[in-house]
Amino acid sequence: MPRHSETKRLPYTADQMYGLVADIESYPQFLPWNSAARVRSRKAVGESEVLEADLVISFKVFRERFGSRVVLWPGARKIDTEYLDGPFRYMRSNWAFRDAEGGGCEVDFMVDFEFKNAILHGIIGVVFNEAMLRVVRAFERRAAALYGSA
């Protein structure tokens, strides 16, 4: 059951980082191993927006599509994701963004998942921490490209 969580302070506003992570359809442009993204549905539910989205992850000889329910909380600047279908036994992730004193923001990120396929789970388990660091760095580089480096 790989799990990764971290908090980063970045020189961008919480709104900028929330917008970047909420823009799921742009993920293939900058996220490693993400070869496609599609939002299947989108609906307002109270103070949130609920999306069902598909991502295609390509890693070595594996290419897997998985579906997620993504709940966007713009007022709270939070994003919660839960697994719907695909190669996982389960998967969930959470993002939280808050403006920091003195400028910039703090970003909390957590992901927890397990693959159904033991071989794929074993391969990912070996490189999981490095893979998560690469994903987080990809979001940071995307923010610098969109908002300028501070």
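The structure is a predicted model, in which local features need pLDDT of at least 70, side-chain atom pairs count only at pLDDT 80 or more, and totals for chains, interfaces and linings use all residues. Residues are numbered from 1 along each chain as its sequence is written, and side-chain values use heavy atoms, with hydrogens and water left out.

**Fold**
- The protein has 2 helices and 7 strands, in the sequence order β-α-β-β-β-β-β-β-α.
- Helices (H or I, at least four residues) and strands (E, at least two) are DSSP runs, numbered from the N terminus.

**Size and packing**
- The C-alpha atoms fill a box of roughly 45 × 35 × 25 Å along the principal axes.
- Of the 150 residues, 44% are buried, where buried means under 20% relative accessible area, exposed over 50%, and partly exposed in between (1.4 Å probe, protein chains only).
- Among contacts between residues at least 6 apart in sequence, 48% join residues at least 24 apart; a contact means heavy atoms within 4.5 Å.

**Two loop residues with positive phi**
- Tryptophan 33 lies in the loop between helix H1 (14-22) and strand E2 (34-45).
- Phi of tryptophan 33 is near 70°, a positive value in a residue other than glycine.
- Tryptophan 33 has a relative accessible area of 25%, so this residue is partly exposed.
- Arginine 77 sits in the loop between strand E4 (62-73) and strand E5 (78-85).
- Phi of arginine 77 is near 55°, also a positive value in a residue other than glycine.
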